Amino acid sequence: MSPSPVTRRAPDRSAAIAQYQRRAGVYDAELALFEPIRADAIALLRLRPGQTVLDVGCGTGLSFGLLHERVGRTGRVVGIEQCPGMMAQARSRVRENHWPHVELVCAPAATASVRGQADAALFHFTHDILREDAALDNVLAHVKPGARVVATGLQWAPPWALPTNGFVMLAALHSVTSFEGLGHPWSKLALRLRGVEVEHALTGGIYIASGVLAG
């Protein structure tokens, strides 16, 4: 029997693919509660028409609509997702909405190849990616120095917020493969950015971290 997220010391890529393959058909409904967080995170990217933005761990493409609105038809949205089931949903979303400038890359964040360099990057509820140095290094190598980078997700709330931490525990068991770094999930990303600011929601159980990629 494989270790649980509580006992794993690092993310497990095979476990993550299997986990999200099972969730692909219901993922959109499961994330509905966090849509206001997505909107706030995308606003912090400060995108402009014509820019390129990476949606890292894009899942079924729930961020594509808001991102596409901001970069326009002269910009590009590049979705990176390693799970085939989630990517299939993302492809369907792109076809249904006739988004010619949304490109999809089905590969782990640690090895994904992207044409050119992006002006911004979004990591929305991608804990495993944020805790993998190889994934961060590869993704940010495809991002321009000075670009805006925003990450969101679950985190442990203060110890007194017992109901919130109970929710975080249940949600994390369902969506991450390692609890490592759940106290400050953005810490490895922050080492690569400057001007990092962190906002909190849900009594400290959700974070939005933003900053600028260091040169």
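How many aromatic pairs does a search of the whole structure find? The points below start from the answer and then move on to the cores, helices, strands and charged pairs.

1. Basis of the note. This is a predicted model, in which local features need pLDDT of at least 70 and side-chain atom pairs count only at pLDDT 80 or more, while totals for chains, interfaces and linings use all residues. Residues are numbered from 1 along each chain as its sequence is written, and side-chain values use heavy atoms, with hydrogens and water left out.

2. Aromatic pairs. The search of the whole structure finds six aromatic pairs, where rings of Phe, Tyr and Trp (its six-membered ring) pair if their centres lie within 6.5 Å, and planes under 30 degrees apart count as stacked, over 60 as edge-to-face and the rest as tilted. One of them is the tilted pair of Phe 34 and Phe 125, at 4.8 Å centre to centre and with 40° between the planes. This pair links distant parts of the chain, 91 residues apart, since Phe 34 is in the loop between helix H2 (27–30) and helix H3 (35–44) and Phe 125 is in the loop between strand E4 (118–124) and helix H6 (127–130). Helices (H or I, at least four residues) and strands (E, at least two) are DSSP runs, numbered from the N terminus. Buried means under 20% relative accessible area, exposed over 50% and partly exposed in between (1.4 Å probe, protein chains only).

3. Nonpolar cores. The largest nonpolar core has 38 residues, of which Leu 45, Val 53, Phe 64 and Leu 67 touch the most other members; such a core is a set of buried Ala, Val, Leu, Ile, Met, Phe, Trp, Tyr and Cys residues joined through side-chain atoms within 4.5 Å. Elements that each supply at least two residues of this core include H3, helix H4 (64–71), helix H5 (84–97), strand E5 (143–154) and E7. A second, separate core of 29 residues includes Ile 80, Ala 121, Ala 147 and Val 149.

4. Helix H4. The buried residues of H4 are Phe 64, Leu 67, His 68 and Val 71. Seen down the axis of H4, these residues fall within an arc of 100°, so they line one face of the helix; the arc is that of the directions from the helix axis to the C-beta atoms. They pack against H3, strand E1 (52–56), E2, H5, E3 and E4, where contact means heavy atoms within 4.5 Å. Leu 67 touches Ile 42, Leu 45, Leu 47, Val 53, Asp 55, Val 77 and Leu 122, not counting residues up to four places away in sequence. Just after H4, Gly 72 takes a positive phi of about 70°.

5. Helix H7. The buried residues in H7 include Ala 135, Leu 136 and Val 139, and the buried residues of this helix pack against E1, E4, H6, E5, H9 and E7.

6. Strand E6 (residues 193–201) and strand E7 (residues 206–213) run antiparallel and are joined by seven bridges; two strands pair if DSSP finds at least two bridges between them. Tyr 207 in E7 is the bridge partner of His 200. The hairpin has four residues between the strands, and Leu 202 takes a positive phi near 50° there.

7. Salt bridges at Glu 103. The structure holds 13 salt bridges, each a side-chain nitrogen of Lys or Arg within 4 Å of a carboxyl oxygen of Asp or Glu. Glu 103 forms one with Arg 76, the closest N and O atoms being 2.9 Å apart, and this pair links strand E3 to strand E2 (residues 76–81) across 27 residues. Glu 103 also meets Arg 115 in a salt bridge (2.5 Å, N to O). Glu 103 counts as partly exposed at 23% relative accessibility, whereas Arg 76 is buried at 12% and Arg 115 counts as exposed at 55%.

8. Other charged pairs. Arg 131 forms a salt bridge with Glu 180, with the closest N and O atoms 2.9 Å apart. Arg 131 lies in the loop between H6 and helix H7 (133–140) and Glu 180 in the loop between H8 and helix H9 (187–190), so the pair ties together parts 49 residues apart in sequence. Arg 131 counts as buried at 7% relative accessibility, and Glu 180 as partly exposed at 28%. Elsewhere, a network of salt bridges links Asp 133, Asp 137, Lys 188 and Arg 192.
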